[in-house]
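Subject: Handover of a structure model

Dear colleague,

Please find the structure below, together with its sequence. My notes on what was found follow it.

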Amino acid sequence: MICKCKIENVNEEEVTINIDRIIITGFCNSSTTKKPGTNCLVELQFFDKLIFEESEQKEEKICRIGSTYEYMITGRLDVDNLMLYSSINFELEKEDIFDSGYLDGKWVDVKVPRIDLDFI
């Protein structure tokens, strides 16, 4: 998913961005020359296996787990369009939702091991 963001902090490959007041700290595979305060486009991608569970919450949110790269994202799953609709909408890969088709249209909690950032 490509979004407009503002760079908040760069610490080697760890980059913190702000997308519509949502702060995400992710991993930048290629070194970035972007400086804090810069507005730019970023592509967000999930790294590693996602864990889907039906959520009891009915509120879109993105929460970082401790000071790691892990996130818990709550939103609605759209299997047909390969989308997770949350505070930020995320495009999914077929492999991401292979075992989660039964959750189509439901509120889900998705545990994401890492969000990779690729600046455009």
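Are Asp116 and Arg114 buried or exposed? Both residues are buried. They are joined by a salt bridge in which the closest N and O atoms are 2.6 Å apart. Please bear in mind that this is a predicted model.

Salt bridges

Side chains of opposite charge can pair when their charged atoms come close. Three salt bridges were found in a search of the whole structure, and the pair of Asp116 and Arg114 is one of them.

Another salt bridge joins the side chains of Glu54 and Lys106, at 4.0 Å from N to O. This pair connects distant parts of the chain, 52 residues apart: Glu54 belongs to strand 5, while Lys106 sits in the loop between strand 9 (90-91) and strand 10 (107-112). Glu54 is partly exposed, because its relative accessible area is 49%; Lys106 is partly exposed as well, with a value of 33%.

The side chains of Glu70 and Lys111 also meet in a salt bridge, at 3.7 Å from N to O. Glu70 is in the loop between strand 6 (61-64) and strand 7, and Lys111 is in strand 10, so this pair ties together parts that are 41 residues apart in sequence. Glu70 counts as partly exposed at 24% relative accessibility, and Lys111 is partly exposed at 30%.

Strand 4 and the largest pocket

The largest pocket holds about 170 Å³ of space. Strand 4 supplies the largest share of its lining, with four residues. The lining comprises four nonpolar, one polar and five charged residues; among them are Met1, Phe46, Glu91 and Asp96.

Leu41 also lies in strand 4, which spans residues 39-47. Together with Ile2 and Ile120, Leu41 forms a nonpolar patch on the surface, with about 270 Å² of accessible area in total. Leu41 counts as partly exposed because its relative accessibility is 35%.

Backbone angles

Most residues other than glycine have a negative phi. Asp48 is placed in the loop between strand 4 and strand 5 (51-54) and counts as exposed because its relative accessibility is 53%. With a relative accessible area of 22%, Leu82 is partly exposed.

Yours sincerely

Notes: Residues are numbered from 1 along each chain as its sequence is written. This is a predicted model: local features need pLDDT of at least 70, side-chain atom pairs count only at pLDDT 80 or more; totals for chains, interfaces and linings use all residues. Side-chain values use heavy atoms; hydrogens and water are left out. Patches are made of residues with over 30% relative accessible area and no salt bridge: like charges are joined within 9 Å, nonpolar side chains (Val, Leu, Ile, Met, Phe, Trp, Tyr) within 5 Å. Accessible areas come from the Shrake-Rupley method with a 1.4 Å probe; for residues, only the protein chains shown count as cover. Helices (H or I, at least four residues) and strands (E, at least two) are DSSP runs, numbered from the N terminus. Buried means under 20% relative accessible area, exposed over 50%, partly exposed in between (1.4 Å probe, protein chains only). On a 1 Å grid over the protein atoms alone, a cavity is a set of points where a 1.4 Å probe fits but cannot get out, and a pocket is an open set with protein on both sides within 12 Å along at least five of seven lines; lining residues have an atom within 4 Å of a point. Grid points are joined across faces, edges and corners, and a volume is the space filled by probe spheres set on the points. Ala, Val, Leu, Ile, Met, Phe, Trp, Tyr, Cys and Pro count as nonpolar, Asp, Glu, Lys and Arg as charged, and the others, Gly among them, as polar.
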